[in-house]
Amino acid sequence: MFDKGLVKMLVGALSALIASGSASIAERYGLVENGEPGASIILAKQPTRAAQLAAFEIQRHVRLITGATIPIQGESEEARGIQILIGESEKTRANRLNTQELKPQEYVVQFLPRAIMMVGRDAPQFDEVIYDMENPAAMKGLPGFWEEQGTLYAAYDFLEKFCGVRWVNPTELGTVHPEAKTLTITGRSIRRQPGFEYRDALGATGDNPARYDSYVSLWPGGSGGFKAWDAAAYPKLHEQYPQAGTYEAARRNLAHLFLLRSRNGGNIQRCNHSLYGYYQRFWEKSKDPNAAKLFVEKKPDMFAKGYEGEPPQMCYTSRELIEQLAQDARDYYDGKKTGGDLGIFWQPNLPNLFPVEPMDNSSFCKCDACQAWLTKTSQEGKVYSTGMYSDYFFNFINEVQKELKKTHPDKNIMTLAYASHAYPPTRLKLDPGVAVQFCFACNRAPASGENYANEMKLLNTTTVFVLRLLSGYN
Ligand SMILES: [Zn+2]
């Protein structure tokens, strides 16, 4: 006789394994078999626009791979074959996935018996998405970069990890995928948040996807070289849209889509050079009447020593500077002053973190205290991004953060890993509350192999150091 209790327990354990989507089950999901669709894409009655786009993208890429079209349908309709559940719905809730429990930007690709669930945290945006890759000028309703779109991340992760799709650029040649009459998926479930909270490839263009191609191109936008590249990159689009305005609308939509596929977006937190206003506040009264209002008094001790005339940098061991910046940060977080009031030229506002980033040069202070932070080995290297001033600058960042925390223990500053302070510091540990944005310096120099390799190495070694954010802003 079987022990009923034991059987019950085993069945319970098996159900738990299925529910957790354990790879030990190793179920095979035939999405397309010999050119015939074996699955249905299922959306909620009222899907978010992230879920709508995710469904269209899954459908399109499965068709590119296999030639077969998997239908997209509502959850009340009868589904055939494997159910691909996209975005939160009655069916995903029935499978015990509660999106309220997901962390910001978190998403799930979960393998269930005869179903694959792709769900993430989405913004409550329900506008209709018009998705037409045959007429990209007509596309409408694509999610913005800075709204939650975890379901879309889940779909893109699925296409990359389980279907072998890659997006190299927005052009007609930029999508790479396998070709096969049969597409069978096996794998382990995924539940994750992006490694970086903030991923920004085009902040400096005013978030305008229309400028993406010229921004990253080898040739300046509008030049003969760029026009030749553009003609070679979008031959069909040029034929389809002889009118420049419609052509540009189509190209903009394709660039927007490419950036979504690249997961550009997240929690927007911009950082840039933040100290130029100190010349107007603490060096010399500006001749510009508006900037002149910022002048407090001349405080030369804050500025770099050893230079003739206006110093190119601040003295980053100056207590006066450290205390002033901590006070600026307090005023900013207390809502007493905006970034503009503090002379920061790009005018950050709350809830953007308070930025501290030096002037855009490596002519740092020559006083003994500052020079003591430089080591010989840290000055080696011919590439753009180095660690020459990392110990020096991040020590200063730590001091500002420490000073701020005396009165505002829950507030943090933000800075960049950039140029001569791109590497992690070696002589100190950065305060874990400081948000650091890694600036991928090759975003506009893709042809520089030596620099590109250095950036990639840096990105890999920096992931521990860059605790919170990533930017391609520089
Ligand atoms: Zn100094």
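Where is R263 found? R263 lies in the loop that runs between α8 (244–261) and β13 (265–266), where helices (H or I, at least four residues) and strands (E, at least two) are DSSP runs, numbered from the N terminus.

## About the model

This is a predicted model, in which local features need pLDDT of at least 70 and side-chain atom pairs count only at pLDDT 80 or more, while totals for chains, interfaces and linings use all residues. Residues are numbered from 1 along each chain as its sequence is written.

## The chain as a whole

The secondary structure of the protein chain comes to 14 helices and 17 strands. Of its 474 residues, 41% count as buried; a residue is buried if 20 or more other C-beta atoms lie within 10 Å of its own, exposed if 12 or fewer, and partly exposed in between, with the C-beta atoms placed from the backbone.

Two residues are in contact if their C-beta atoms, placed from the backbone, lie within 7 Å. Among the contacts in the protein chain with a separation of 6 or more, 71% are accounted for by residues 24 or more positions apart.

R263 is not a glycine, and yet its phi is positive, at about 60 degrees. R263 counts as partly exposed because it has 18 C-beta neighbours inside 10 Å.

D207, which is also a residue other than glycine, has a positive phi near 60 degrees, and it is found in the loop between β12 (198–199) and α5 (212–216). Because D207 has 16 C-beta neighbours inside 10 Å, it counts as partly exposed. In the loop between α11 (319–333) and β14 (354–355) lies P351, which is joined to L350 by a cis peptide bond with an omega of about 10 degrees.

## Helices α2 and α4

The axes of helix α2 (residues 49–66) and helix α4 (residues 150–163) come within 8 Å and cross at roughly 15 degrees; such axes are lines fitted to C-alpha atoms, for helices over the stretch in contact, and angles run from 0 to 180 degrees between N-to-C directions. α2 is therefore roughly parallel to α4, given that angles under 35 degrees count as roughly parallel, over 145 as roughly antiparallel, 65 to 115 as roughly perpendicular and the rest as oblique.

On the α2 side, A50, A51, L53, A54, E57, I58, H61 and I65 meet T151, L152, A155, L159 and C163 in α4. The residues of this contact of α2 with α4 divide into ten nonpolar, two polar and one charged, where Ala, Val, Leu, Ile, Met, Phe, Trp, Tyr, Cys and Pro count as nonpolar, Asp, Glu, Lys and Arg as charged, and the others, Gly among them, as polar.
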